[in-house]
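I set out to record what I looked up in this model. The entries begin with the chain as a whole and then turn to two residues.

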Amino acid sequence: MFIKQLNACTEIIANDGTRVYELLHPRQDPVELPYSLALAMLDAGQRSKVHYLRQTEVYYIIRGHGRMHVGDVVEPVSEGAAVVIPPEAPQWIENTGETELVFAAIVSPPWRAEDDVRI
């Protein structure tokens, strides 16, 4: 068993501009996983930068609400929503609420900087 607390993670500013805490990544943690898991946060009224990953990504909205943009499709998202983002699909999320938008990001295979491309 491996347990890692959020407060043990360092906040980073991701390529898309969100605040991110990398919770699990086989590159840095003693785990063998086919994915990485991060917690991302976006302040009220903010949006991430348009980008794509070469991997499949899943967002799970934990708190707040906004609009998810994947390719030409735009859909509202709120707490409890899971969004599957195909590899190389242009994407961004905007926080349309008055509170922080918090979501988990699962990337499979695990996230790598060279596979995260800002458009």
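**Charges and overall form**

I counted 10 positive and 17 negative side chains in the chain, and the centres of the two sets lie 4 Å apart. Lys and Arg were taken as positive and Asp and Glu as negative, with His and the chain ends not counted. Each charge was placed at NZ of Lys, CZ of Arg, CG of Asp or CD of Glu.

I noted that this is a predicted model, in which local features need pLDDT of at least 70 and side-chain atom pairs count only at pLDDT 80 or more, while totals for chains, interfaces and linings use all residues. Residues are numbered from 1 along each chain as its sequence is written, and side-chain values use heavy atoms, with hydrogens and water left out.

I looked up the secondary structure and found zero helices and eleven strands (DSSP runs numbered from the N terminus, helices being H or I of at least four residues and strands E of at least two). The radius of gyration is 14 Å, close to the 14 Å of the globule rule for 119 residues, so the chain is as compact as a globular protein of that length. That radius is taken over C-alpha atoms, and the rule is 2.2 Å times the number of residues to the power 0.38.

**Gln-55**

I located Gln-55 in the loop between strand E4 (51-53) and strand E5 (56-63). Is Gln-55 buried or exposed? With a relative accessible area of 4%, Gln-55 is buried (buried is under 20%, exposed over 50%, partly exposed in between, with a 1.4 Å probe and protein chains only).

I found a polar contact of 3.3 Å between the side chains of Gln-55 and Asp-115. The term denotes a pair of N or O atoms within 3.5 Å; within protein, one must be able to donate a hydrogen and the other to accept it, and residues adjacent in sequence count only if both atoms are side-chain atoms. The Gln-55 side chain also reaches the backbone oxygen of Pro-110 at 3.1 Å.

Beyond four places in sequence, the contacts of Gln-55 include Ile-85, Val-107 and Trp-111 (contact means heavy atoms within 4.5 Å).

**Asp-43**

I located Asp-43 in the loop between strand E3 (36-42) and E4. Asp-43 counts as partly exposed, at 40% relative accessibility. Its side chain makes a polar contact of 3.1 Å with that of Arg-19. Leaving out residues up to four places away in sequence, Asp-43 touches Arg-19, Asn-95 and Glu-100.
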